[in-house]
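The following report walks through selected features of a predicted model, from single residues up to the whole chain. Please keep the sequence and the coordinates at hand while reading.

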Amino acid sequence: MSVNAKKLPITHFFLVAFLCLAFGEEVKSPGKYPLVVSTWPFLEAVRAAWRTVDSGLSAMDAIVEGCSACEELRCDGTVGPGGSPDENGETTIDAMIMNGVTMEVGAVAAMRYVSDGIKAARLVMLHTKHTMLVGEQASVFAISMGLPGPTNLSSEESIDKWIKWKENKCQPNFRKNVLPVDGCGPYRAKNTVNLVENICTNSNWLDCGKLWSSHVSPHNHDTISMAVIDKLGHISVGTSTNGATFKIPGRVGDGPIAGSSAYADTEVGACGATGDGDIMMRFLPCYQVVESMRLGMEPKRAAEDAISRIARKYPDFVGAIFAVNKNGVHAGACHGWTFQYSVRSPRMEDVTVYTIVPEIPTH
């Protein structure tokens with residue numbers, strides 16, 4: 001299928017954006033480096049990353065600048081502070097950064113009181129021998145390394161959303177096999193005898209997958225996942241999110257998990273993912289994509305293969321992937337929703353947005 005593009009309305013004459021219908025089509029990048037690819041039409045984030053990498057700084061620096069821009073702008077209310085309250089009404093941050101040259105990873109998860117997720121993740125990489133810090137101790141570390149805090153990450157909008165959810169008897173939520181079914185708790189486990197009836201086997205797996213489908217949309221469960229190739233051909237990836245709306249406190253999604261939300265290897269390429277992280281992290285789709293490309297798959301086929309592996313087990317899941325190889329060829333695949341990813345390369349006047357329509361029918 002062909003790739004079409006058209007100009008979008010803009011307010012500044014020097015900023016031009018394109019909308020492309022890609023339908024999973026591979027797109028080659030003639031002027032390969034530098035290159036920035038990101039989930040969703042987070043244009044300002046991509047522009048911030050592009051300015052950084054085009055000036056000659058590293059892919060790592062560009063990832064931090066791009067994801068930080070999204071955190072500051074509170075992209076879609078799902079990145080940075082002020083969105084996605086948990087069951088207690090609190091907003092927390094998950095973030096990850098990965099160096100595709102050294103394979104180093106820094107991550108924070110369920111981080112409280114500090115809004116700079118991607119910067120905190122990089123501090124974990126730079127100043128510890130660990131890969132991930134979590135919860136309030138991640139906040140203590142980040143503040144000790146110079147990031148602002150502690151601060152309340154909730155906003156008037158997030159608290160209002162949480163109050164309305166409480167008024168709706170805490171529905172929908174992420175609990176299962178608990179009582180009360182239609183209330184706000186305190187929750188207790190159902191009788192274990194009854195749980196035996198819900199055991200999933202090979203014969204009823206698809207029905208279980210439908211039962212476990214969650215309440216996911218781009219506005220309540222989303223991630224910025226970004227890949228950058230710098231002028232030296234070095235690749236880095238990063239992610240930032242405030243997680244799933246009304247999640248159980250303490251929940252960690254796929255955002256800070258290397259191989260799930262993002263993965264990079266400069267010898268091969270990179271991947272970014274978004275969607276139902278609780279399901280997607282069980283399959284490490286971005287690790288799968290990069291390893292498939294290492295074995296010779298083109299980005300389009302690698303992305304489709306990773307998505308189809310999840311869809312076979314969870315036909316109602318919602319998620320998407322972009323893949324880019326070390327030569328700058330990029331593609332996307334999705335299931336359960338229409339997905340958009342953004343690209344900036346030397347041959348583009350500004351950011352180009354590609355729209356991917358799921359090839360597998362939604363349920």
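Asp-276 counts as buried because its relative accessibility is 3%, where buried means under 20% relative accessible area, exposed over 50% and partly exposed in between, computed with a 1.4 Å probe on protein chains only. Asp-276 is placed in the loop between strand E12 (269–275) and helix H8 (277–280); helices (H or I, at least four residues) and strands (E, at least two) are DSSP runs numbered from the N terminus. Gly-277 belongs to helix H8 and is likewise classed as buried, since its relative accessible area is 0%. Both residues are included in the UniProt annotation "binding site", which comes from an unreviewed entry and covers Arg-251, Val-252, Gly-253, Asp-254, Thr-274, Gly-275, Asp-276 and Gly-277; such positions are given in the numbering used here, feature names are shortened, and annotations may be inferred rather than shown by experiment.

This is a predicted model, in which local features need pLDDT of at least 70 and side-chain atom pairs count only at pLDDT 80 or more, while totals for chains, interfaces and linings use all residues. Residues are numbered from 1 along each chain as its sequence is written, and side-chain values use heavy atoms, with hydrogens and water left out.

Strand E12 also takes part in an open sheet of four strands, ordered E11-E12-E13-E14 with antiparallel pairing, where two strands pair if DSSP finds at least two bridges between them. The edges are formed by strand E11 (262–265) and strand E14 (330–335), each of which pairs on one side only. On average, neighbouring strands of this sheet are turned by 10° against each other, direction ignored. Strand E13 (residues 319–325) is joined to E14 by six bridges, the two running antiparallel, and Ala-320 stands opposite Cys-334 in E14. Helix H9 (residues 285–294) packs on the sheet and touches E11, E12 and E13, its direction making about 150° with that of E12; here contact means heavy atoms within 4.5 Å, and angles run from 0 to 180 degrees between N-to-C directions of axes, which are lines fitted to C-alpha atoms, for helices over the stretch in contact. Helix H10 lies across E13 and E14 and runs at about 15° to E14.

| Residue | Helix | Relative accessibility | Backbone oxygen of | Distance |
|---|---|---|---|---|
| Ser-308 | H10 (residues 299–313) | 18% | Asp-305 | 2.8 Å |
| Thr-52 | H1 (residues 43–54) | 10% | Ala-48 | 2.9 Å |

Apart from its neighbours within four places in sequence, Thr-52 is in contact with Leu-57, Asp-61, Ala-62 and Glu-65. The C-alpha atoms of Thr-52 and Val-64, which are twelve residues apart along the chain, are separated by 9.5 Å.

At the level of the whole chain, there are ten helices and 16 strands, and buried residues make up 55% of the 363 residues.

Notes:
A polar contact is a pair of N or O atoms within 3.5 Å; within protein, one must be able to donate a hydrogen and the other to accept it, and residues adjacent in sequence count only if both atoms are side-chain atoms.
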